[in-house]
Amino acid sequence: MAKKQYGNESITQLKGADRVRLRPSVIFGSDGLEGCQHSIFEIISNSIDEAREGFGDRIEITLHKDGSITNADHGRGIPVDYNSTEDKYNWELVFCELYAGGKYNNNESDNYQFSLGLNGLGLCSTQYASRFMDVKIFRDGYEYSLYFERGENVGGLKKERTDLNKTGTIIRWKPDDEVFKGIAVPIEFFQDMLKKQAVVNPHVTFVLYDEVNSEEFIYRYEGGLIGYIEELTGGEAFIPTVLFEHEAKGRDREDLPEYRVKFSVAFCFDNKNSISEYFHNSSFLEYGGSSERAIRSAFTAAIDAYIKNNGDYKKDEKKIAFVDIEDSLVLISSSFSTVTSYENQTKKAINNKFIQEIMTEYLRKQLSVYLIENKAEADKIAAQILVNKRSRESAEKTRLSIKKKLTGGVDFTNRAEKFVNCRTKDIERRELYIVEGDSALGACKLGRDADFQAIMPVRGKILNCLKADYNKIFASDIIVDLIRVLGCGVEVDSKHNKDLSSFDIDKLVWNKIIICTDADVDGFQIRTLILAMLYRLTPQLIMENKVFIAESPLYEISSGSEIFFAYSDAEKNAITKKIKGKYHIQRSKGLGENEPDMMWQTTMNPATRKLVQVLPEDMEKTRKMFDVLLGDNIKGRKEFIEEHGHRYLEMADIN
């Protein structure tokens with residue numbers, strides 16, 4: 001096939017709406033749902049700019065049943081009439097021309113000084129990317145109407161006198177699924193976005209109407225950053241909220257114009273929450289940039305200097321890192337500038353050099369003064385950050401060796417100690433018996449079906465995984481061997497050990513995990529500790545119905561040549577009533593003392609054994625009971641024993 005010629009006529013130019021409709025990710029950062037969400041924010045941000053300028057303090061967003069959205073504000077109304085300077089109607093410039101807007105001279109004038117919209121792209125781009133856009137504008141005693149379909153105007157500008165004494169802009173539009181791969185924007189996006197905007201615009205009320213569910217949500221934060229932080233922490237932070245505010249003028253480079261900057265940074269220290277959010281000109285900076293770098297540098301320098309001057313570092317101890325501060329930090333930063341260098345149109349990070357420099361210098365000085373003037377709070381901060389640091393370093397020291405132990409599943413050429421494998425590779429048949437001690441290992445090994453039943457012994461009572469930290473848990477050879485034999489990894493939720501999470505149910509090499517212990521107090525405790533380990537490290541195995549308990553018989557009843565096994569007193573009584581003649585009852589021995597035939601018949605033969613499946617139906621109840629019996633809830637354990645202890649006296653073997 002001949003190649004197409006590449007000549008002068010090969011160069012083409014996108015025009016009109018196609019500039020956005022065919023390449024939406026250039027403007028919105030994505031042609032998927034995220035890009036669609038950004039296009040929505042472009043419309044709302046214009047209303048926010050108006051409100052920040054003091055024109056209207058209420059913005060209303062309606063989610064319609066047809067998937068369209070209405071944004072209504074009470075600002076000055078977009079100028080859309082004839083513009084003699086540009087020799088065009090303003091509606092053509094604003095809605096149909098990229099890089100046309102009224103916010104380019106904000107550094108030289110008082111209009112839109114701290115504006116979200118800077119590039120003259122958002123409104124036009126969103127109009128181009130919409131299936132339709134219906135616009136109503138109120139200003140100068142007129143009502144102006146515009147309508148667009150897929151980027152093209154229909155009917156021109158309509159202008160009518162109105163007696164309504166109002167100003168503002170109402171835009172209803174529907175994102176086009178021919179432009180975006182996803183347009184079903186969840187309500188949670190609007191709720192989160194409007195809540196954040198209410199925080200950094202504390203005197204603006206945001207109202208969200210949901211026509212689909214007939215719900216209304218109102219967002220307003222009179223308390224601004226401080227109120228928001230207290231909401232995040234529930235007022236339980238161990239250091240009260242601190243607010244630093246400052247204004248300055250400067251430039252990013254000597255030959256560039258000077259611009260204004262103002263910023264507010266509110267923070268507290270809290271052991272339950274770790275949250276850092278950055279805003280600039282009220283745009284949420286998902287990737288931070290200058291302000292985040294300033295805060296990381298300032299906080300690390302000031303707190304490190306305090307710890308050093310206070311003599312809290314151990315000999316030859318490394319200094320703190322920001323991650324140690326961040327672990328207990330709740331911080332909201334809101335900055336504004338008349339000149340902003342965003343990374344791109346999506347405004348998720350800023351790169352202003354002066355903003356970073358002035359914030360770093362001011363915050364470091366203010367924080368140093370705060371630590372000196374508030375010694376009690378400073379000592380608490382320093383102590384907690386050192387705890388975070390040492391915990392992180394301890395985790396890092398053990399991470400590599402632990403990860404090496406936990407990866408790779410079962411290595412059949414270098415098995416866990418005393419693990420006895422089965423022959424089949426068919427996972428649907430494979431069973432793992434976790435048994436109590438070496439003697440039980442011997443009995444089960446002889447009594448099993450070696451084709452599909454494997455044995456893993458545990459030596460005595462394993463570590464209580466509900467009370468121990470991860471470093472101690474993973475230092476236990478018994479637990480690590482069990483995890484390796486399971487083959488599916490572990491689920492870890494600790495912030496310092498989270499990268500140890502490696503759980504993958506598809507790597508599980510067993511159809512059933514069967515806990516098999518003696519039917520006595522020690523056996524029950526070992527069983528409970530194994531269940532606690534599985535609950536803490538591999539809860540998904542319980543959720544997937546993979547965990548079972550093998551019941552061991554309590555009594556062996558012989559009558560002539562017949563032998564019966566009873567698993568409870570009630571079953572013993574029922575059996576003896578049916579026997580005609582003499583019989584002998586013997587308390588069943590420990591698993592290690594049983595004959596292989598008895599082990600097979602009572603505990604391992606799928607046709608005759610009794611398995612109790614561990615069900616996930618009430619995980620919260622299970623968690624609470626584990627906490628009472630094995631956790632740190634000493635008061636709850638005492639109360640449980642006082643109320644229910646009499647039911648277990650027989651098991652206590654009291655003479």
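Reply: Let's start with aspartate 73, which is buried, with a relative accessible area of 9%. Buried here means under 20% relative accessible area, exposed means over 50%, and partly exposed is in between, using a 1.4 Å probe and protein chains only. Before going further, a word on the model: it is a predicted one, so local features need pLDDT of at least 70 and side-chain atom pairs count only at pLDDT 80 or more, while totals for chains, interfaces and linings use all residues. Residues are numbered from 1 along each chain as its sequence is written, and side-chain values use heavy atoms, with hydrogens and water left out.

Where does aspartate 73 sit? You'll find aspartate 73 in the loop between β2 (69-72) and β3 (82-83). Those labels come from DSSP runs numbered from the N terminus: helices are H or I with at least four residues, strands are E with at least two.

Leaving out residues up to four places away in sequence, aspartate 73 touches Ser47, Arg58, Ile59, Thr167, Gly168 and Thr169; a contact means heavy atoms within 4.5 Å. With serine 47 there is also a side-chain to side-chain polar contact of 2.7 Å. A polar contact is a pair of N or O atoms within 3.5 Å; within protein, one must be able to donate a hydrogen and the other to accept it, and residues adjacent in sequence count only if both atoms are side-chain atoms. The side chain of aspartate 73 also has a polar atom 3.1 Å from the backbone nitrogen of glycine 75. Isoleucine 171 is 98 residues away from aspartate 73 in sequence, yet their C-alpha atoms are 9.2 Å apart in space.

From there, step over to another buried aspartate. Aspartate 176 has a relative accessible area of 0%, so it counts as buried. Which residue does aspartate 176 form a salt bridge with? The partner is arginine 150, and their closest N and O atoms are 3.4 Å apart. This pair links distant parts of the chain, 26 residues apart: aspartate 176 is in the loop between β9 (168-175) and α6 (187-200), and arginine 150 is in the loop between β6 (142-149) and β7 (152-153). A salt bridge, by the way, is a side-chain nitrogen of Lys or Arg within 4 Å of a carboxyl oxygen of Asp or Glu. Arginine 150 is partly exposed, because its relative accessibility is 32%. Both belong to a network of salt bridges that links Arg21, Arg131, Arg150, Asp176, Asp177 and Glu178. The structure holds 36 salt bridges.

Another one joins arginine 609 to glutamate 431, at 2.8 Å from N to O. Here the partners are 178 residues apart, with arginine 609 in the loop between α18 and β24 (611-613) and glutamate 431 in strand β17. Arginine 609 is buried at 12% relative accessible area, and glutamate 431 is buried at 5%.

For a contrast, look at helix α10 (residues 353-373), where glutamate 361 and lysine 365 lie four residues apart, about one turn of the helix. They form a salt bridge with closest N and O atoms 3.3 Å apart. Glutamate 361 is partly exposed at 38%, and lysine 365 is partly exposed at 44%.

What about the nonpolar side? In soluble globular proteins, nonpolar side chains tend to be buried together. A nonpolar core is a set of buried Ala, Val, Leu, Ile, Met, Phe, Trp, Tyr and Cys residues joined through side-chain atoms within 4.5 Å. The largest one has 59 residues, and Ile61, Phe95 and Phe190 touch the most other members. Helix α6 gives the most to this core, with eight residues. Not counting residues up to four places away in sequence, phenylalanine 190 touches Ile40, Ile61, Leu63, Ile69, Val185 and Leu208. There is also a second, separate core of 42 residues, whose members include Val265, Ile303, Leu331 and Ile350.
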